[in-house]
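Visitor: I would like to learn how to read a structure like this one. Please show it to me, and I will ask about the features in turn.

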Amino acid sequence: MKMTFRWYGEDSDPIKLSQIKQIPGMSGLMGLLDYKAAGEVWTEEEVKAYMEHVHAAGLECEVIESVNVHEDIKMGLPTRDEYIANYITCIRNLAKYGVKVIIYNFMPVFDWLRTDLARVIDEDGSNSLYFDEKDLGEMTPLELVRKTAEDSNGFTLPGWEPERLAELEKTLKQYENITPDDLRANYKYFLDAVIPVCEEVGVKMACHPDDPAWPIFGLPRIAHSQEDYDKICALHDSPANTVCLCTGSLGSNPDNDIPAIIRHFGEMDRIGAMHVRNVKFLGHHHFREAAHLSSTGDLDMFAIMKAIYDTCPDTYVRPDHGRMIWGEVGRPGYGLYDRALGATYLNGLWEAIDKMENAK
Ligand SMILES: [Mn+2]
């Protein structure tokens, strides 16, 4: 297991690489070039400069997140081939500088969604990301986007880049006639093009789940259960076609047994990376994010780390969204303090599991 940390880059993340380096047991980043729009080429010069900067701080960067798939690819438009060619160039450029895993998603229009980015937790006065479908029911997609932008302390959320949302209504309309099976067919077209390149250059594509783990605004969503991921793995059968198993995203639906799903795909050698965090269920389609510690939420983090240990022990792990604590002001979900606590806790669970297994 390699413990890693999501970082948005020197210009848009208030957290410094030197701070990340001081978190015990941190091997490196799950990095990204956050200024890149979906469909753009990440040039070799840009990737090289980024990697040199990260390495100079004593950190690795073998995992890259958010090489976003252009909407035309998801919708299967004739222009998709040009964007797929750009995607392949990104894969090649990233592989050249040591990237082993690329995390992406195939969610139409929206990346993760919340109805409140700073819900105060009564027990201790911290705040965390929150979702209540009842609140969503009264909001149009456009209103939700506007509210999210206003609430995010001036930072752009992943997948919420203003340029992507300028034509939101048009895009929503285009999706009205696209069924989940259509979306899967478009997904297969994409995988058939990129996975052979990944095999050639030694990169795994890791698909992040829908978040929350059910359809939103009537859009087709195809990555929020074990059955969904079985279908995705079957679209292009290759060890390079893998899952980014995000415990908090899949775990937003209590029907998803997270340790069992990790074991299922871990045994298939189809877990490219793990995002590990906890959620607290508050009702039907109603949850908030919690500290990583098992007892503060509803996921069993020991069972999750044990499933990783048993079935995919060499994978990359990062603490996922954290709460905002100790007065920190930053990007919602991506503060330094609570994620550092999360990483330390997960490393502690790992050490205990490892020592107990070796003492047998
Ligand atoms: Mn995640």
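Visitor: Leaving aside its neighbours within four places in sequence, which residues is Arg 323 in contact with?

Guide: Keep in mind that this is a predicted model. Two residues are in contact if their C-beta atoms lie within 7 Å. Apart from neighbours within four places in sequence, Arg 323 is in contact with Ile 121, Ser 126, Asn 127, Ser 128, Glu 289, Ala 291 and Asp 338. Arg 323 itself sits in the loop between strand E12 (316-319) and helix H14 (337-359).

Visitor: How far apart in space are Glu 10 and Tyr 50?

Guide: Separation in sequence and distance in space are read separately. Glu 10 and Tyr 50 are 40 residues apart in sequence and 9.6 Å apart in space, C-alpha to C-alpha. For Arg 323 and Pro 108, the figures are 215 residues in sequence and 27 Å in space, again C-alpha to C-alpha.

Visitor: What share of the contacts in the protein chain join residues at least 24 apart?

Guide: Among contacts between residues at least 6 apart in sequence, 74% join residues at least 24 apart. Buried residues make up 46% of the 360 residues in the protein chain.

Visitor: How many helices and strands does the protein chain have?

Guide: There are 14 helices and 12 strands. The radius of gyration of the protein chain is 19 Å, close to the 21 Å that the globule rule gives for 360 residues, so the chain is as compact as a globular protein of that length. Along the principal axes, its C-alpha atoms fill a box of roughly 55 × 50 × 40 Å.

Visitor: How should I read a pair of helices; at what angle do the axes of H4 and H9 cross?

Guide: Look at the distance, the angle and the residues that meet. The axes of helix H4 (residues 80-96) and helix H9 (residues 180-201) come within 10 Å and cross at roughly 20°. Angles under 35 degrees count as roughly parallel, and H4 and H9 are therefore roughly parallel to each other. The crossing is right-handed. Residues of H4 including Ile 84, Tyr 87 and Arg 92 meet residues of H9 including Phe 190, Val 194 and Cys 198. By class, this contact of H4 with H9 has 11 nonpolar, no polar and 1 charged residues.

Visitor: And how do the residues of the contact of H12 with H13 divide?

Guide: The axes of helix H12 (residues 258-267) and helix H13 (residues 301-311) come within 9 Å and cross at roughly 10°. H12 and H13 are therefore roughly parallel to each other. Their contact divides into 7 nonpolar, 2 polar and 3 charged residues.

Visitor: Which peptide bond is cis?

Guide: The bond from Asp 211 to Pro 212 is cis, with omega near 0°. Pro 212 is in the loop between strand E7 (204-207) and helix H10 (226-235). Phe 217 lies in the loop between E7 and H10 as well, and its phi is near 50°, a positive value in a residue other than glycine.

How values were computed: Residues numbered from 1 in each chain as written. Predicted model: local features only at pLDDT ≥ 70, side-chain atom pairs only at ≥ 80, totals over all residues. Axes fitted to C-alpha atoms, helices over the stretch in contact; angles between N-to-C directions. Helix = DSSP H or I, 4+ residues; strand = E, 2+ residues; numbered from the N terminus. Parallel < 35°, antiparallel > 145°, perpendicular 65-115°, else oblique. Left-handed = near helix turned anticlockwise from the far one by under 90°. Nonpolar A, V, L, I, M, F, W, Y, C, P; charged D, E, K, R; others polar. Rg over C-alpha atoms; globule rule 2.2 N^0.38 Å. Buried ≥ 20, exposed ≤ 12 C-beta atoms within 10 Å, placed from the backbone.
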